[in-house]
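Good morning, and thank you for coming.

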Amino acid sequence: MGVGAYVAVSAALFALGVVCIIARRNILYVLMGIEMILNAANINFVAFNRFGGDGLDGRMFAIFTIILAAAEAAVALAIVLNVFHLFDSIKPSDVDLMRE
Amino acid sequence: MAMGIERGFYALLGLAALAGAGWGLSSGGVGGLLFAGFAALTLGGALVCIWERSVVRSAFALLATFGGVAGLFLLLGADFLAMAQILIYVGGILALILFGVMLSPPDPTERKLSRVGLGLAAGGGAFAWVGAKVAATVHWSQAATPPPAPKLSHAREIGVGFLAADQYVVAFELAAVVLTVALVAAVYIARRKVADFEEPAEPEGGI
Amino acid sequence: MDFLHFNPETDFKLLLAVPLIPLIGYVVQVFFGRFLPRKGDWLLTGGMGVTMVIAVLMLAKALHASGGEHGGGGFFHVSSEAGISWAWLYQSGKAAVSPLNLEVGILYDGLGAAMLAAVGVVSFFVHLFSVGYMKGDRRYHLFFANISLFSVAMLGLVLADSLLVLFVFWEIMGLMSYLLIGHFSHDPSTPFFQRWATWASKKAFLTTRVGDCCLLIGMMMFWQHYHTFEFVDLWRLTNEDVARHGGEWPAWMTVAGLFIFGGTVGKSAQFPLHIWLPDAMAGPTPVSAMIHAATMVAAGVFLLGRTFPILSPDVLAVVMATGAFTALFAATIGVTAFDLKAVLAWSTISQLGFMVAAIGTGGIGLVAGLFHMVTHAFFKSCLFLSAGSVIHGCHHEQDMRKMGGLRTRMPLTFAAMGISTLAIAGIPLFSGFYSKDKIIQAAFTKTSLEFSGAAVFASIALPVAAALTAFYMFRMMFMTFGGTYRGEVAEGHGHGQEGHDDHHDHELVHSEDGGIAPGHPGPLPVESPWPMTVSLLCLATLGFLGGKFWLADLDVLAHHAPWFVRLVSPETLYPGVDLMNGYGHTVTHEMIEHAEHVAHNMAMLVSLLVAGLGIFGAWWLFGARKASPERIAAALGEIYHTVARKYYVDELVNGTVLRLTHLLASLQRWFDENVIDGIVLGVGRTNRALGFLQAWFDRTIVDGLVNGAGAITQLFGSLVRLFQTGRIQQYVTFAVGGGLIAAAWLILA
C-alpha cells in the first residue's frame with residue numbers, strides 16, 4: 001500500500017474525530033474525538049516518515065504526540081471532574097459561562 | 001423502527017469493511033488485506049464510537065480504533081511506536097476515559113440521530129470533497145512502488161537512536177518535564193477544595 | 001636551635017596567618033556569633049591566643065637572627081624578595097610594567113617583629129579580660145567581633161610592606177575605633193553613656209579623619225614623584241634623590257613629610273588633634289586599653305618608624321617640637337584630672353609625645369621612641385585594664401575622689417597597677433625606665449650636637465613631663481588605693497559575692513552634671529573574676545620585664561643593651577639607606593658617639609631625679625597629706641582652671657573649626673534654598689505650564705481619538721459577540737468550517 005492509502009485513512013479518521021466532537025452532547029465524546037484527531041495525525045507522521053525520509057523524525061513526533069495526548073487526557077479529565085463538580089453536568093452545552 | 005436503524009448501521013458497516021477488504025486483497029495481496037483490515041478496524045471503531053448510544057460502548061469502540069492504528073504502525077515498520085500506542089492509549093488514556101464515564105449518568109436520550117447523521121454526512125462530504133481535490137492535485141509519485149525497509153526497526157535500536165546525545169535527548173527531557181507538570185496540574189485541578197472537607201470548628205477552649 | 005632560624009619559604013605564610021586567623025574568626029563571629037555557645041567569646045580569644053603564639057615565635061626567630069650586641073644580625077625580610085607576594089590591582093602583565101600595578105607583600109624586620117608580638121600579646125590579654133569585664137553586655141558577640149578586627153587591622157598594618165597597604169589597615173582601624181568607642185551608643189539602658197558614646201565616637205572618627213586626609217595627601221605626593229608605595233623603594237629613591245641634590249632636601253619632600261606626619265598627629269593624638277583621645281574612654285575599658293596601648297595610637301608612631309628615611313630634617317624638627325610640646329602639655333592636664341580613665345588618657349597622650357619627640361631627634365632617638373612604643377604597650381594596657389578592674393569593682397564609679405583604700409580590697413589589681421605605675425614613672429629595672437631614659441638621652445644628644453630651639457625645648461620639656469608623669473601617676477595610685485574607701489556603701493548590701501553579681505549587667509545610674517558616668521552606691525568593692533586578674537598579672541609581668549630582659553636570655557648582666565636595641569637599629573631598620581636626616585654633615589661618627597656617651601650619664605641622672613621628685617611630690621600631697629592639694633589649686637586660681645579645662649582646646653575647636661563648619665553649612669543652605677531651589681522651582685513652574693497645555697491637548701484631541709476608536713471597537717464587538725455563545729462544540733464547528741474554507745481557497749486558488 002502506498003502513502004496515499006495511509007493518508008486517506010488518516011484524513012477519514014480526522015473527519016470522524018471532528019464529527020465526534022461536534023455531534024454528541026457529552027463532554028466525554030469531545031475527549032474521544034480529540035484522541036481520534038491526534039491518532040490521525042500520528043498515522044500521517046509515521047507514514048510520511050516511512051515513505052519519505054530515512055530518519056526518526058516522524059516517529060519522534062509521533063512519540064511526542066502520544067505523550068502530549070497522555071498529558072492532555074489527564075488534564076482534561078481533571079477539568080471534567082471540576083466541571084462536573086461546578087455545574088453538576090457534563091454536557092458541553094451547559095458549560096457556557098464564557099459567554100458572559 | 002429504531003432497532004432497524006441500528007441494525008442497518010452495523011450491516012452497512014460490515015458491508016463496507018468487506019468491500020474494503022476485497023479492494024485491499026485485489027490491489028495489494030496479503031499486505032493489502034492486512035492494511036484494509038486495520039484501516040477498517042480504525043475507521044469502523046471511530047464510527048461505532050460516534051454512533052453508539054452508551055458511553056461505555058463508545059469507549060470500547062475507541063479501543064478498536066486505537067488497536068487499528070497500532071496495527072497500521074506495525075505495517076509501517078514502527079514496532080516500537082505500535083507498542084507505545086497500545087501501552088499508553090489502550091492502557092492509560094482509555095482507562096482514564098472509562099473513569100470519566102463513571103461520572104456521567106446514563107442518558108439514553110442524549111444521542112440525537114439527526115445530529116449524528118447530519119454530522120456524519122457533513123464530515124463525509126467534506127472528506128470526500130477535499131480528498132477528491134487532493135487526489136486530483138497531488139502526484140503521489142512514489143505511492144505505487146514498495147518502500148524500502150526501514151533502517152531501524154527494533155525497539156532497542158530505536159531507543160538508542162532516540163536517546164543518542166546528538167538526537168533527541170533534550171526533547172525527551174522536555175517531554176518528561178511537560179508530562180510531570182501536566183500531571184501535577186491535573187492533580188491540582190482535580191483535587192477537592194479544602195473547604196469541601198472542612199469539619200465543623202472545634203468547641204472553644206478545647207485544649 | 002634550628003627551628004629558630006627564619007625560613008622565608010614557610011615563615012611568611014605563618015606571618016600571613018597572624019592577621020588571617022582573627023580575621024576568619026571575625027567573619028564567623030559577625031554572622032554566627034550570637035548562635036555560638038557563650039556567644040563566641042572563646043572562638044576569638046582562642047584565635048587571638050594562636051595569633052599571639054605565632055607572633056611570639058616569630059619574635060624569637062628575629063631575636064635569634066640578631067644575636068649580636070647592637071643589631072648585628074641585620075634581620076630584614078621582604079616577602080616579595082622571597083618570591084611571595086599577592087597581586088592586587090593588576091592592570092597588565094607584571095608589576096614592573098605599569099606603576100598602577102600594585103602588589104601586596106609582607107615586610108618583616110626587627111621593628112615589625114617586636115610590634116607584632118606586642119600587639120598579639122596585648123590583644124590576647126584584652127580579649128581575655130573582656131570575657132570577664134563585658135559579661136552581660138547586650139552586644140557581647142559584636143564587641144568581640146569588632147575588637148578582633150581592630151587587632152587584625154593593627155597586625156596587618158605592622159606587616160604591611162607598602163604605604164598603601166598600611167593605609168588600608170589604618171583606615172580599617174579608624175572604622176573599628178569608631179564602632180568600638182561607640183559600643184554603648186546602642187545601649188538604651190544607659191542614656192548617659194549612649195549619648196556620650198555616640199558623640200565621642202563621631203568626634204574620634206572625624207578628628208582622626210583630618211590626619212588620615214593629610215596622610216593620604218602625603219602618600220600621593222610621594223607617589224607622584226616615585227610611582228611606588230613600597231617602603232623599600234621609597235627609602236632608596238628618596239635617598240638617591242637627596243644624594244643627587246647634594247644632601248639638600250627638595251621642598252616638596254618637606255611638605256609631603258609634614259603631611260605624612262599629619263597622619264601621625266591624628267592617629268597618635270598629638271597636639272592639636274589630641275582632643276579625641278580623652279573622649280575615647282566613652283567606650284568600654286578594654287577598648288581603651290587597646291586604643292591606648294597596642295593599636296590605634298601606636299599606629300601613628302609606627303608610621304613614623306616606617307617612613308623615617310623619607311622625612312626631611314625640617315620635618316623632624318617639627319616632629320620633635322610637636323612631640324615635646326604634647327608631652328608637657330598633656331602631662332599638666334593629667335595632674336588636674338579626677339577621672340581615673342582621664343588620668344590614663346592624658347598620660348597616654350603625654351607618653352605618645354615622648355615617642356614622637358624621640359623619633360624627631362633621629363639617631364638613637366628613633367630606636368628609643370619605637371622602644372618606648374613597645375614597652376608602653378605593655379604597661380599602659382595593664383594600667384587601663386587595672387583601671388577597668390577598679391571601675392568594675394567600684395560599680396562603674398570613675399571618679400578617684402570616691403575611691404580609696406582599694407589596696408586591701410583588690411590586692412591583685414593593686415599589684416598589677418603598682419608595677420605598671422612604677423614602669424611608666426621610669427623606675428630602674430622596670431621597662432619604662434629603659435625606654436624613657438633613652439629618649440631623654442636622645443634629646444640631650446641632639447641638643448649637644450646642634451643647638452637648635454626645638455632641641456633645647458625638647459631637652460627641657462621632656463624631663464619636666466617625666467617628672468609630672470611620675471607625679472600624677474602616683475597621685476592616682478594614692479587616691480585610688482591609699483587611704484580609706486570614700487565611695488558610698490549602700491545599705492542592705494552584703495559584702496559577699498552574691499551582692500557583687502548584681503552589678504555585672506552594667507546597670508548605671510547617671511547624673512546630668514557633666515561628670516563622667518558616676519556610679520551608684522553598692523557593696524564594698526571586691527576583687528574581679530579570674531579572666532581579668534590573670535590578664536592583669538601577665539601584662540604587669542611584661543611591664544616589669546619588657547624593658548631589659550627577654551625571656552630567652554635571663555642572664556641579665558651579659559647583655560648591656562636591652563633586647564629591643566639589639567633587634568632594632570637605624571642600620572637594620574633601613575638596610576642600604578644612608579640616613580641623611582639625622583644630624584648635619586659636619587657631625588662625624590665620633591662626635592655622635594661622644595655626645596651619646598655624655599648624654600647617657602646625664603640622662604640617667606636626670607631621669608632618676610625627676611622620677612624621684614615626682615613620686616615624692618605625690619606622696620607629700622596625696623600619700624602623707626603634708627599639704628592640701630585643694631589649697632594649692634585655689635592658690636593657683638585661674639592657671640589651675642585653665643589646665644583643668646584642658647587649656648580650652650576643646651572650646652577653641654568648638655569656637656573655630658565647628659563654628660566655621662556650621663557657618664559654611666548655613667551658607668550652603670542659603671545658597672541651596674535661594675539659588676538652587678529657585679532654579680529647580682523655575683524649571684518646575686515652566687514644566688507645569690507646559691503640562692497644562694499638554695493636558696488640554698490630551699483631553700480634547702487625544703482622548704477624542706481614543707474614545708472614537710473605542711466606540712468603533714465596541715460596535716464591532718457587539719456584532720462579533722453574536723457568535724460568542726460560549727458553547728465549545730459550536731466553536732469547533734466554526735473552526736472546522738473555517739479550516740475547510742481555507743482548504744478550499746488553497747486548493748481552488
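In this predicted model, helix α16 and helix α18 of chain C are roughly antiparallel to each other, because the angle between them is over 145°. The pair packs at about 165°, and the axes lie 9 Å apart. Here α18 covers residues 453–481 of chain C, while α16 covers residues 411–425. The crossing of α16(C) past α18(C) is left-handed.

Which residues of α16(C) and α18(C) make the contact? From α16(C) come C:Thr413, C:Phe414, C:Met417, C:Gly418, C:Thr421, C:Leu422, C:Ile424 and C:Ala425. From α18(C) come C:Thr469, C:Ala470, C:Met473, C:Phe474, C:Met476, C:Met477 and C:Phe481. Sorted by class, the contact of these two helices holds 11 nonpolar residues, 4 polar residues and no charged ones.

Helix α16(C) has a further partner, helix α20 of chain C, which spans residues 530–545. The axes of α16(C) and α20(C) come within 9 Å and cross at roughly 25°. Since that angle is under 35°, α16(C) is roughly parallel to α20(C). This crossing, too, is described as left-handed. On the α16(C) side, the contact residues include C:Leu412, C:Ala416 and C:Ile419. On the α20(C) side, they include C:Leu536, C:Ala540 and C:Phe544. The contact of α16(C) with α20(C) counts 8 nonpolar, 4 polar and no charged residues.

Let us turn to another pair in chain C. Helix α1, residues 8–32, packs against helix α4, residues 140–159, at an angle of about 160°. The distance between the axes of α1(C) and α4(C) is 9 Å. Are these helices roughly parallel or roughly antiparallel? With an angle over 145°, α1(C) and α4(C) are roughly antiparallel. α1(C) passes α4(C) in a left-handed crossing. Among the residues that meet are C:Pro19, C:Pro22 and C:Tyr26 from α1(C), and C:Phe144, C:Val152 and C:Gly156 from α4(C). Their contact has 13 nonpolar, 5 polar and no charged residues.

I now come to the loop between α8 and α9 of chain C, that is, between residues 251–267 and 276–279. As background, most residues other than glycine have a negative phi, and most peptide bonds are trans. In this loop sits C:Ala269, a residue other than glycine whose phi is positive, near 55°. C:Pro272 lies in this loop as well. The peptide bond leading from C:Phe271 to C:Pro272 is cis, and its omega is near 10°.

Finally, let us consider chains A and B. The size of an interface is often given as the accessible area lost when the parts come together. How much area do chain A and chain B bury between them? They bury about 6,100 Å², of which 78% is on carbon and sulfur atoms. Chain A gives 61 residues to the contact, and chain B gives 77. The count of salt bridges between chain A and chain B is 0.

Key
Residues numbered from 1 in each chain as written. Chains lettered and ligands numbered in written order. Predicted model: local features only at pLDDT ≥ 70, side-chain atom pairs only at ≥ 80, totals over all residues. Heavy atoms only, no water. Axes fitted to C-alpha atoms, helices over the stretch in contact; angles between N-to-C directions. Helix = DSSP H or I, 4+ residues; strand = E, 2+ residues; numbered from the N terminus. Parallel < 35°, antiparallel > 145°, perpendicular 65-115°, else oblique. Left-handed = near helix turned anticlockwise from the far one by under 90°. Contact = heavy atoms within 4.5 Å. Nonpolar A, V, L, I, M, F, W, Y, C, P; charged D, E, K, R; others polar. Buried area = accessible area lost by both parts, 1.4 Å probe. Salt bridge = Lys/Arg side-chain N within 4 Å of Asp/Glu carboxyl O.
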